[in-house]
Amino acid sequence: MVVPKLAGDPLAPATGLQNPVSKRLKQACDMEINPTLFPVVAALLVDGAGRLLVQQRPPGKMMAGLWEFPGGKIEPGETPEAALARELGEELGIQVAEADLAPLTFASDALGTRHLILLLYRCDRWTGEPEPLHASMIRWVSVDDLRALDMPPADLPLLGAIEQSLRHRGGAQ
């Protein structure tokens, strides 16, 4: 007698029992079960002149004064792209279509008792003029200027991928 695999579990063995490895993998990715993972999204906004937008974290926030790419937390039930479009509206007052967000790279870094997973998207098209609604200030900089800025530790590993992206697809010199 052949017992079919459980529906929805591609790793279920032919016995019909749920694969314990598959179950643990699903649990590890479930934010309600594993609240130590902290997924966030950020945008590499590239203007027509190839400059990149960075914003300065305001006083009173963790890592105040550091320069970062705009973005923020992914809320429960949101896709990363929907979260980033929402965050860009809230932080900069711009509108971005999810289809205009191209996945670029990611970073992983310890953040106190949690672990930050930062998903970086490149965006070359938006509507509106960016304003610092939740930051001390914003600046348009060249890719070379990025290395001179004080940035959060999680952003630093992104710089190599950013430089490659700009050389490959056009952008800051």
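**View 1. The protein chain has four helices and seven strands.** Along the sequence, the order is α-β-β-β-β-α-β-β-β-α-α. Helices (H or I, at least four residues) and strands (E, at least two) are DSSP runs, numbered from the N terminus. This is a predicted model: local features need pLDDT of at least 70, side-chain atom pairs require pLDDT 80 or more, and totals for chains, interfaces and linings use all residues. Residues are numbered from 1 along each chain as its sequence is written, and side-chain values use heavy atoms, without hydrogens or water.

**View 2. Tryptophan 126 and tryptophan 140 form a stacked pair.** Rings of Phe, Tyr and Trp (its six-membered ring) pair if their centres lie within 6.5 Å; planes under 30 degrees apart are stacked, over 60 edge-to-face, the rest tilted. Tryptophan 126 lies in the loop between strand S6 (114-123) and strand S7 (137-141). Tryptophan 140 belongs to strand S7, 14 residues apart from its partner. Tryptophan 140 is partly exposed because its relative accessibility is 24%. The classes are buried under 20% relative accessible area, exposed over 50%, and partly exposed in between (1.4 Å probe, protein chains only).

**View 3. Arginine 114 and phenylalanine 38 bring a charge over a ring.** The charged end of arginine 114 is 4.1 Å from the ring centre of phenylalanine 38. The criterion is NZ of Lys or CZ of Arg within 6 Å of the ring centre and within 35 degrees of the ring normal.

**View 4. Arginine 139 lies over the face of tryptophan 67.** The distance to the ring centre is 5.0 Å.
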